[in-house]
Amino acid sequence: MSYKNKAIIFLTSISIAFGQEVNLSPLGWGEGEIEKYLKMDTRAFPDNPIAIGKNGAVTTTFHSAASRAGLEALNQGGSSVDAAMTAALTQTTLNAGSVVSFFGVITMVHYDAANSEIVSMDAAWNTVQDESDPMSIPGPNLVNVDAMWNPREISGRTALVGGFMRGVEEANAKYGKLPFRALFDPAIYFAENGFELSPATADFFKRRDLQIRRREETRKTLVKSDGSGYRAGDLFIQSKLANTLKNVAENGADYMYLGKWAENAIKAVQSDGGKMTMKDLADYRVLWNQPIRSQYEEYEVAVLGPPTFGSINLIEALNLAYAAGIPELGHWSTNGSSLRLIADVTSNMNLSYLTDDLKKMIYPGLDLSNQSRLKKETAVDLWNRMDSGVKLITYADEKRKLKVGKIFEYLISKIRGPKHSDTVVAIDQWGNMTAVTHTINCIVWGNEAIMVDGVSIGDAASFQQAAIKATGPGNRLPSPIEVGIISKNGKPIIPFASMSMGLHQQTVQSILNIIAFDMSIEDAVNAPSILFPETDASDPKSPKTTVRVMEGDFSEKIIKESGLPISKHAAKDRRYMQGLWVGIYRNPETGLLEAVSPPYATGVALAK
């Protein structure tokens with residue numbers, strides 16, 4: 001540890017002990033640092049230098065200034081939870097509430113070093129208590145992502161009850177070392193003083209222009225005062241949001257669940273025909289439980305606890321990978337058979353979208369309940385059937401053993417929902433580890449584009465009607481998020497989080513890179529990978545699935561050996577097919593930290 005870092009830690013602990021106020025405002029980051037980190041959002045890809053340190057680290061998927069905000073929390077004596085929540089709050093402000101929201105959802109897996117305990121926090125969606133007919137909630141055309149931007153019927157019934165702010169507050173109360181109000185300093189600064197819109201964020205304004213002009217408050221928030229739309233390079237200020245964040249910072253999350261913001265939000269949702277009430281907000285509770293765990297020789301993977309289907313998808317896929325023999329065959333970038341198998345294994349996530357009746361029809365006699373899908377013996381049986389040709393997704397050269405028409409039509413209506421989100425992973429000087437994914441869970445701002453005092457309310461119910469019906473009114477909607485902590489020989493070594501359309505594909509491959517192929521975390525995040533597959537839905541009776549990869553990742557020899565239909569994509573085209581995975585490795589012997597961020601995202605890894 002350097003003398004400078006020792007001094008920072010010592011002075012911070014003295015300041016806290018004597019009641020001096022912690023201030024995480026970017027004004028105190030150092031000369032030129034605000035502009036430096038904001039400009040990093042427009043850097044060319046791929047770009048993700050590893051960050052190495054010993055006294056703390058933070059990494060994000062998007063917004064380098066959010067990483068810097070999290071690092072500041074660590075610099076001033078904050079815990080890994082303080083760093084993660086500070087970064088998440090900053091990300092939401094820098095995203096203008098578009099793909100993440102202060103009324104969105106947040107999930108967390110955390111390792112508490114003092115108690116050697118891993119815990120799971122679920123602040124995901126609650127369904128609306130008075131919603132008695134969820135299948136009639138208006139929804140978009142889900143055949144492709146671009147179609148989801150198109151206008152549809154307006155309905156406040158598309159709003160769900162988000163737990164983001166409750167989750168931030170409770171995480172800080174349980175595992176934070178800094179005052180709750182301090183976590184908001186960077187977010188409030190960027191809301192009050194503004195920031196220049198990056199081309200990517202400006203594109204959101206352009207594509208949602210029609211919807212964001214519909215409601216008066218949204219128009220005043222997301223359209224310039226002269227009526228023109230925001231463009232790249234414009235200064236974007238969120239005065240109403242700054243005021244809301246100040247109220248939450250001083251009065252707690254109750255301001256958004258019991259107070260003035262809650263009243264305004266219910267009024268806005270109901271004005272568009274929504275059924276959400278003040279009772280929905282007042283009754284919201286964060287769920288704390290034990291993570292789901294699975295052992296792979298000396299490694300253990302601990303992921304978000306129930307209710308979840310993301311964790312089930314992940315553990316099942318890892319089990320299938322071992323059942324299929326991928327570790328023995330070699331990495332999919334060096335073995336064509338392995339490439340084909342990883343495509344099969346990661347596509348089985350579609351099981352989570354099938355009804356119990358369809359599961360029984362496809363795999364008779366096999367218990368595919370959530371609990372059973374976590375078992376290795378179930379994966380062996382399931383893989384044997386998949387290997388014989390009974391798979392949910394097959395390719396042009398394979399003989400189909402399923403009549404896929406109706407099954408495919410059902411699947412295509414369920415799996416095309418948006419996967420926009422953001423991630424933060426942090427480790428502090430005490431060895432605490434925090435992995436977070438948060439999201440608005442809709443195409444930016446949603447079709448209704450409801451803004452309340454600067455906070456966005458998305459339309460996450462517009463594509464989850466069946467799941468809402470199965471969950472029941474006023475209950476927690478199972479999360480698709482894959483977030484967790486990897487341990488080796490009983491010692492936590494890597495907190496990780498993932499996001500975007502191909503989050504499942506990327507998470508499975510990244511974890512296998514580490515536990516099956518002994519890669520460093522830097523190599524794991526940069527290794528060749530398959531992306532979210534493309535399926536031609538024009539003929540449901542004979543759907544054609546194509547595996548998508550990045551140009552240059554796989555040799556022609558390996559592609560030919562795989563026999564897969566493969567499409568290659570340049571970095572500029574990766575946006576809606578990628579999965580993004582972030583993590584930090586902590587050497588259990590030396591404490592040295594290695595933090596990584598994805599090569600095709602604007603986040604950055606920082607360490608001290």
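1. Two strands are taken to pair if DSSP finds at least two bridges between them. Helices (H or I, at least four residues) and strands (E, at least two) are DSSP runs, numbered from the N terminus. Under these terms, Val 58 stands opposite Ala 426 in strand 10.

2. The model is a predicted one, in which local features need pLDDT of at least 70 and side-chain atom pairs count only at pLDDT 80 or more, while totals for chains, interfaces and linings use all residues. Residues are numbered from 1 along each chain as its sequence is written, and side-chain values use heavy atoms, with hydrogens and water left out.

3. Overall composition. The protein chain comprises 24 helices and 21 strands. Of its 608 residues, 63% count as buried; buried means under 20% relative accessible area, exposed over 50%, and partly exposed in between (1.4 Å probe, protein chains only). Contact means heavy atoms within 4.5 Å. Among the contacts in the protein chain with a separation of 6 or more, 74% come from residues 24 or more positions apart.

4. Strand 10 covers residues 422-427, and six of its six residues are buried. In a regular strand the side chains alternate between the two faces of the sheet. Here Asp 422, Val 424 and Ala 426 point one way, Thr 423, Val 425 and Ile 427 point the other way, and all are buried. Strand 2 (residues 57-60) runs antiparallel to strand 10 and is joined to it by four bridges. Strand 11 (residues 433-439) is also antiparallel to strand 10, through six bridges, and Val 425 has Ala 435 of strand 11 as its bridge partner. Strands 10 and 11 form a hairpin with five residues between them, and Gly 431 in the turn has a positive phi of about 90°.

5. Strands of a sheet pair through backbone hydrogen bonds, either parallel or antiparallel. An open sheet has the strand order 16-17-18 and mixed pairing. Strand 16 (534-536) and strand 18 (566-569) are at the edges with a single partner strand each, so one side of each has no neighbour in the sheet. On average, neighbouring strands of this sheet are turned by 30° against each other, direction ignored. Strand 17 (residues 544-550) pairs with strand 16 in the antiparallel sense over three bridges, and Glu 534 has Thr 546 of strand 17 as its bridge partner.

6. Helices 4 and 6. Axes are lines fitted to C-alpha atoms, for helices over the stretch in contact, and angles run from 0 to 180 degrees between N-to-C directions. The axes of helix 4 (residues 80-94) and helix 6 (residues 185-193) come within 8 Å and cross at roughly 15°. The two helices are therefore roughly parallel to each other (angles under 35 degrees count as roughly parallel, over 145 as roughly antiparallel, 65 to 115 as roughly perpendicular and the rest as oblique). Thr 86, Leu 89, Thr 90, Thr 93 and Leu 94 of helix 4 meet Pro 186, Ala 187, Phe 190 and Ala 191 of helix 6. By class, this contact has six nonpolar, three polar and no charged residues. Ala, Val, Leu, Ile, Met, Phe, Trp, Tyr, Cys and Pro count as nonpolar, Asp, Glu, Lys and Arg as charged, and the others, Gly among them, as polar.

7. Helices 14 and 22. Helix 14 (residues 310-324) and helix 22 (residues 503-515) pack at an angle of about 50°, with their axes 10 Å apart, and are therefore oblique to each other. Residues in this contact include Leu 314 and Ala 317 of helix 14, and Val 508 and Ile 511 of helix 22. The residues of the contact divide into nine nonpolar, three polar and no charged.

8. Individual residues. Leu 580 is placed in strand 19 (residues 580-586) and counts as buried at 1% relative accessibility. Leu 580 and Thr 507 are 73 residues apart in sequence, yet 7.8 Å apart in space, C-alpha to C-alpha. Phe 204, in helix 7 (residues 199-207), is buried with a relative accessible area of 6%. Thr 471 lies in helix 21 (residues 465-471) and counts as buried at 17% relative accessibility. Beyond residues up to four places away in sequence, Thr 471 touches Thr 127, Arg 476, Leu 477 and Pro 478.
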